[in-house]
Amino acid sequence: MTKPSAKKHKPESCSFVIFGATGDLTHRLVLPALYNLAAADLLPEKFCVVGVARKGMSSDEMRESLLAGLKKYKTRPVDDEIAKRLLECVTCIEADPSDPASFDAMAERLHKLETNRQTGGNRLFYLATPPTGFAPIAKQLGRTGMLKENGYWRRLVVEKPFGTDLASAKALNGELLSIAEEHQIYRIDHYLGKETVQNILVLRFANGMFEPIWNRNHIDHIQITVDEKLDVGHRGSFYDATGALRDMVPNHLFQLLSLVAMEPPAKFEAHAVRSAKAEVLAAIQTETEAEALKNSVRGQYQAGKSGDNDIPDYRKTEDVKPDSTTETYAALRLTIDNWRWAGVPFYLRTGKALGMKRTEVAIKFKQAPFAMFRDTPVDNLSQNYLVIAVEPNEGITLQFNTKVPGPTINIDGVEMKFRYKDYFQVEPSTGYETLIYDCMIGDNILFQRADSVEAGWQAVQPFLDAWKKAGARGLEPYKAGSEGPDAADQLIERDGRSWRKFG
Ligand SMILES: NC(=O)C1=CN([C@@H]2O[C@H](COP(=O)(O)OP(=O)(O)OC[C@H]3O[C@@H](n4cnc5c(N)ncnc54)[C@H](OP(=O)(O)O)[C@@H]3O)[C@@H](O)[C@H]2O)C=CC1
Ligand SMILES: O=C1O[C@H](COP(=O)(O)O)[C@@H](O)[C@H](O)[C@H]1O
């Protein structure tokens, strides 16, 4: 069955200014997302794309490079006519935040371009640069008045990682908020662009049957898993300074956690939803150093095979220190200190170079008291899990027990499965389309507010500190292509529980 989606309207005319336009993110995701929006007729009537490069490049050169990216990273066949129309909107401007005069010149050129292209003065500035560029670029935009909202909207999209710890995230928020208002700042997390992640809100709050049991009285524990097959590859220099915890937990895994654990917002509106998310993150119990070590596992992959791919030892990866203690796997046991979740552990795990790609939230309900069926033969007793499959096989599964047909009572575990592909015709996308579109229409419900980002870092900071002090002590090796270190199993098994098996 195919259902049509709600009709969206075109955003107001604007300029879309990309810093880091020569980079990987722009080519891999941002331009393909703009292309997909163009194909869906969801770009503004009057629109221009300004690609900013620190060193001179002609607009033609930039268009050529972006077209090559579009063809390489396409999510659907590229229609030459649509690509041509989109690329005609592209102009390259040179500006380097270490050269303030270049930003003065940019302000003038941008204004002229807006006049020529009749886009008006609405501007979206996308910081698609490494994080070292965020504050310096924002500072120059502020100094030159380019962010000033004078009857037009001016928005700043900030990529991840947003800081490397609590102190740096606070400092970056402080710098940005001294230049722009909170409503102008769009802190992006691509997990919020995923349909399956947005659907957590709908699953919980558009259905009457889940909310009454969505609490400590009925839920035993929650597991959040983001396993990746990918190894670190050519990202050694970034990854070795970052690690699995910083790279994935305070952002992506906490998006999943906050949507699953937040209180029902009073309205489906940015302020209410973002407040509920920030509140639940702030309620994650702060660990002492000893508790942090006890409630966490970190691992590092050693050489192995994932499918047909030979994966080298992490420490032999280009730009990784040969004695690196950076974790490529992290598992945490967290608790949320509020009425709803008291006593319900949240087990989180994520890692690279694992046997399979799997992102899911598994909600484990309390077992029924089986007194009544104590003497009943059980073929394959199922645990009562509600599983939100973010990737792959996007959908929702409910596991429960049923009677095996026959003259006697036999019990077996079965599943009820909803798969998106069985109900909806989903256009392939990068995941950035919704986020970019929402930013253009000024809806920041799917973007992170400053307090949420800081609450996330606050919750992981004790683990960062404890691991830093421990150095190599407690760093568990695991074989690439495996399910991760055995210690991650022990982390959950010591509570008498186990990780949900896939499949
Ligand atoms: N690549 C991806 O798949 C993803 C990336 N991200 C995030 O997006 C951002 C960009 O990543 P990515 O495109 O991979 O990075 P790149 O290394 O490809 O850099 C992007 C561009 O930024 C410009 N740049 C570099 N340093 C600075 C600086 N200090 N000031 C201003 N401009 C600078 C460079 O362009 P020039 O020299 O021409 O000015 C460079 O080409 C990062 O924050 C990353 O974490 C997030 C999700 C996915
Ligand atoms: O931001 C990041 O996310 C990806 C994982 O994203 P997914 O959508 O494929 O689940 C991860 O590979 C990368 O290291 C990290 O920086």
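A residue is counted as near a molecule when its C-beta atom, placed from the backbone, lies within 6 Å of that molecule. By this criterion 22 residues surround ligand 1, and the closest are Gly20, Gly23, Leu25, Arg54 and Gly133. This is a predicted model, in which local features need pLDDT of at least 70 and side-chain atom pairs count only at pLDDT 80 or more, while totals for chains, interfaces and linings use all residues. Residues are numbered from 1 along each chain as its sequence is written, and chains are lettered from A and ligands numbered from 1 in the order in which they are written.

Helix α1 (residues 24-39) contributes the most to the shell around ligand 1, with four residues; helices (H or I, at least four residues) and strands (E, at least two) are DSSP runs, numbered from the N terminus. By class, this shell holds 10 nonpolar, seven polar and five charged residues. Here Ala, Val, Leu, Ile, Met, Phe, Trp, Tyr, Cys and Pro count as nonpolar, Asp, Glu, Lys and Arg as charged, and the others, Gly among them, as polar.

Arg54 is found in the loop between β2 (47-53) and α2 (59-72), and Lys160 in the loop between β5 (154-158) and α6 (166-177). Arg54 counts as partly exposed because it has 17 C-beta neighbours inside 10 Å; a residue is buried if 20 or more other C-beta atoms lie within 10 Å of its own, exposed if 12 or fewer, and partly exposed in between, with C-beta atoms placed from the backbone. Lys160 is likewise partly exposed, with 17 C-beta neighbours inside 10 Å.

Ligand 2 is surrounded by Glu228, Leu230, Asp247 and Thr359. Thr359 is also among the contacts of Val390, which, leaving aside neighbours within four places in sequence, include Lys194 and Val197; two residues are in contact if their C-beta atoms, placed from the backbone, lie within 7 Å. Val390 belongs to strand β15 (residues 385-391) and is buried, because 23 other C-beta atoms lie within 10 Å.

The largest nonpolar core has 130 residues, of which Ile18, Leu34, Tyr126, Leu127, Leu156 and Val157 touch the most other members. Such a core is a set of buried Ala, Val, Leu, Ile, Met, Phe, Trp, Tyr and Cys residues joined through C-beta atoms within 7 Å. Helix α9 (residues 243-261) supplies the largest share of this core, 11 residues.
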